[in-house]
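Morning, everyone. Please bring up the sequence and the model, and keep both in view while I talk.

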Amino acid sequence: MDIKQLVSQMTLEEKCSLLSGADFWRTRPVERLGIPAFMVSDGPHGLRKQAEGGDHLGINDSIKAVCLPTASAAAASFDRDLCRQIGEAVGDACQHEKLAVNLGPAINIKRSPLCGRNFEYYSEDPYLAGELATAHTKGLQSRNVGVSVKHFAANSQENRRMSTSAEVDERTLREIYFPAFEKVVRDGKAWTVMCSYNRINGVYSSENPWLLKTVLRDEWGFDGYVVSDWGAVNDRVKGVSAGLDLEMPSSGGSNDRRVMEAVKAGTLDEKDVDACVENILRIHTRYLENAKPETVWDLDAQHELAGKLAAECMVLLKNEDRVLPLKETEKVAVIGKFAAVPRFQGGGSSHINCFRITSLMDELKDCSGVTYAQGYDTADEQPDETLIAEALRVAAEADKAVIVAGLPDSFESEGYDRTHLRMPLCQTELIRRVAEVNPNTIVVLYNGSPVEMPWLPLVKAVVEGYLGGQAVGTATANILYGKVNPCGRLPETLPVKLEDTPCFLSYEGEGDTGVYNEGIFVGYRYYDKKKTDVLFPFGYGLSYTKFEYSNLRLSSKEIRDTDILTVSVDVTNAGSVKGKEVVQLYVGDIESSVFRPVRELKEFGKIELEPGETKTVTFEIGKRAFAYWNTRLHDWHVETGDFRIEICSDSRTVLLSETVRVESTVQVPAHYTVNSIMADLIANPKAMEILRPIMQGGLFGSGENSGDSDAAGEAISDEMAKAMMMNMPLRSIASFSGGALTYDMIQKMVDQINNG
């Protein structure tokens, strides 16, 4: 299509009709000009296409499909290639089903473990989230189907999600809540972006020109269309002006008429309408010209893929006395309803109608040494003594007991937030009592977000499975029996208790206002800065083998912020089995004028090593690895100084470290006022030159106690006098100079410093 030519042929009514859906999932056609309707569908870890009718939260049935590992699990892989494969599989399904856009990936930051939708999000870390979401995006769009990366932006709670205002400062937005979106737009070339329900600093995302035009299009170069989250539109006319291209679902024509009337009244420029229509048609044409409905969608192959990928995502948290892997000759008691009826996905808009589900007991049904007991029910949180008694019996007769536990659907879902981090009482009681009768108790968790583990000291091993998709049973069996060496790492910190979390005091806010008081200190940035005890740190994970690191090398000890630093490290498999290792590179600013975390993840890579094998892993990092967002420059800025380059096994365990000095090529312009304090002025050599005459003139006194009065000496120590001088605003000099300096003279000094 010649899109501009096509738009020029449209009537105003036809243009406005394209700005909202025809129903829940389809756009409107313009049959007169040969423009068809296009269909979008929910995702992102599978296809949720509704055959008839429509709803947003998964109430109505959708077609049979494959549920791959959810984002909470995929993020634990720390594996870009794995996320690309998920995207490719979903893309094939979309092409087969004639879908132009799949609604995902969801990449909002896990600000709190309470967020009900955390199972659908990647991480507390923006770099990890951005890298994995970009891989997913490239994989899906390689099938010529668009993603709709969501929810832009600062959508980190479900409570009051359609009305709350996220009050977030500029630096926090830029360092924590924007980078993953920026990465997917710049590098992933996302076809569409979905705006969030919430307001940001008082302005709805759906009508925020700074968000949708200045940042998204002007800064990041986005060339696709912006679609509303379903029902997120507040004022459609303001939305068109701000850059919200497509409203979903259908407004029944009411908002189309409002837009048309605003254009006719002269309160909305028709050029804004044209721009929205062009953006929509550009993306849909991209799909139309590459549509391949003959694409094979092999559900059996994707089910097998789902099991393979889920095993790569599982995290071994504890393995005391090497109780894992299990041996085929051992008697194993498998306990827990989730072992037979697994929980492998979350509730709401991403819920997949699976064509097949494989549980752990499905996988182990032919194993002669395995017994099973249900142990608990998901319908009631209270312990069932009959079920527990049966579990204790089989556990006591076994060499090892495997309890499959986690969070039921009622504990976490889209639409509402959790109120605590506890597991159901029936499960915690079961774990405690089984551990009493079998010293080799192993816990496998199926959950979308962190849980408290008061039972942790009682059990020998813990496997975090997250929500691993419909073949999670195959993956669990392969991990437990060592057919796959666990290689997942935690994409979020597991806190000891809810009260330890960064935003415990302010999460969900007051009424419709949620203040992000913790600023940039989200997740491990907070826990590590405060040295707070955690259950397991970000990036943590064990293996059935052992890896050793050596020979950390930097391409230079001194660079400019415009240079690329190459970092290399050797990794050796010092154990006896093949395994994969996640190499994590963190950067820490040794001395900074602004608050910064102890260290931040800036690169990672996953490698596979045979026993005894050594590989060299090489990373390249640039300015953004060292920079913070400077609110005076409104840009990324590196302060000249020394930085630690750290190779870590997790955010708290540094294996190797080197230091590099980075020289800034951008000088922040000095800006002082008469209220600037002496400590800040003296730190500036140019300011010091201008102030030296008045400092040498004795206007501040000697800075030392004269000793003439014992009482004065007791009242004002030398330390106190110096501190008072250093914290004195420049304007105060006039008050203490005895008339030697006036306010106007001081103002001239300030002007001279700023212009010098």
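Are phenylalanine 152 and phenylalanine 178 buried or exposed? Phenylalanine 152 is buried, and phenylalanine 178 is buried too. Buried means under 20% relative accessible area, exposed means over 50%, and partly exposed is in between, with a 1.4 Å probe and protein chains only.

Some ground rules. This is a predicted model: local features need pLDDT of at least 70, side-chain atom pairs count only at pLDDT 80 or more, and totals for chains, interfaces and linings use all residues. Residues are numbered from 1 along each chain as its sequence is written, and side-chain values use heavy atoms, with hydrogens and water left out.

Now the core. A nonpolar core is a set of buried Ala, Val, Leu, Ile, Met, Phe, Trp, Tyr and Cys residues joined through side-chain atoms within 4.5 Å. The largest one has 188 residues. Tyr122, Phe152, Leu324, Ile335 and Met453 touch the most other members. Take phenylalanine 152. Leaving aside residues up to four places away in sequence, its contacts (heavy atoms within 4.5 Å) include Phe178, Phe181, Leu211 and Trp220. A second, separate core has 28 residues, among them Leu554, Val617, Ile645 and Val660. In soluble globular proteins, nonpolar side chains tend to be buried together.

Next, the rings. Rings of Phe, Tyr and Trp (its six-membered ring) pair if their centres lie within 6.5 Å; planes under 30 degrees apart count as stacked, over 60 as edge-to-face, and the rest as tilted. That rule gives 19 aromatic pairs. Back to phenylalanine 152 and phenylalanine 178: their ring centres are 5.6 Å apart and their planes stand at 45°, so this pair is tilted. Phenylalanine 152 lies in strand E3 (residues 146-152), while phenylalanine 178 lies in the loop between helix H6 (170-177) and helix H7 (179-186), so the pair ties together parts 26 residues apart in sequence. Helices (H or I, at least four residues) and strands (E, at least two) are DSSP runs, numbered from the N terminus.

Ring pairs also link Phe78, Tyr127, Tyr524, Phe538, Tyr586 and Phe604 into a cluster. Phenylalanine 604 has a charge over its ring: the charged end of arginine 80 is 4.0 Å from the ring centre. The rule asks for NZ of Lys or CZ of Arg within 6 Å of the ring centre and within 35 degrees of the ring normal. Arginine 111 does likewise over tyrosine 516, at 3.8 Å from the centre.

On to a sheet. It is open, with 3 strands in the order E18-E20-E23 and antiparallel pairing. Strands pair if DSSP finds at least two bridges between them. Strand E18 (547-554) and strand E23 (614-621) are at the edges with a single partner strand each, so one side of each has no neighbour in the sheet. Strand E20 (residues 565-573) is joined to E23 by 8 bridges. One of the bridge partners in E23 is glutamate 620, facing threonine 566.

Last, the backbone. Where are the cis peptide bonds? One joins glycine 104 and proline 105, with omega about 0°. Another joins leucine 324 and proline 325, with omega about 5°. Proline 325 is in the loop between strand E9 (315-319) and strand E10 (332-335).

Asparagine 201 is not a glycine, yet it has a positive phi of about 50°. Asparagine 201 is partly exposed, with a relative accessible area of 38%.
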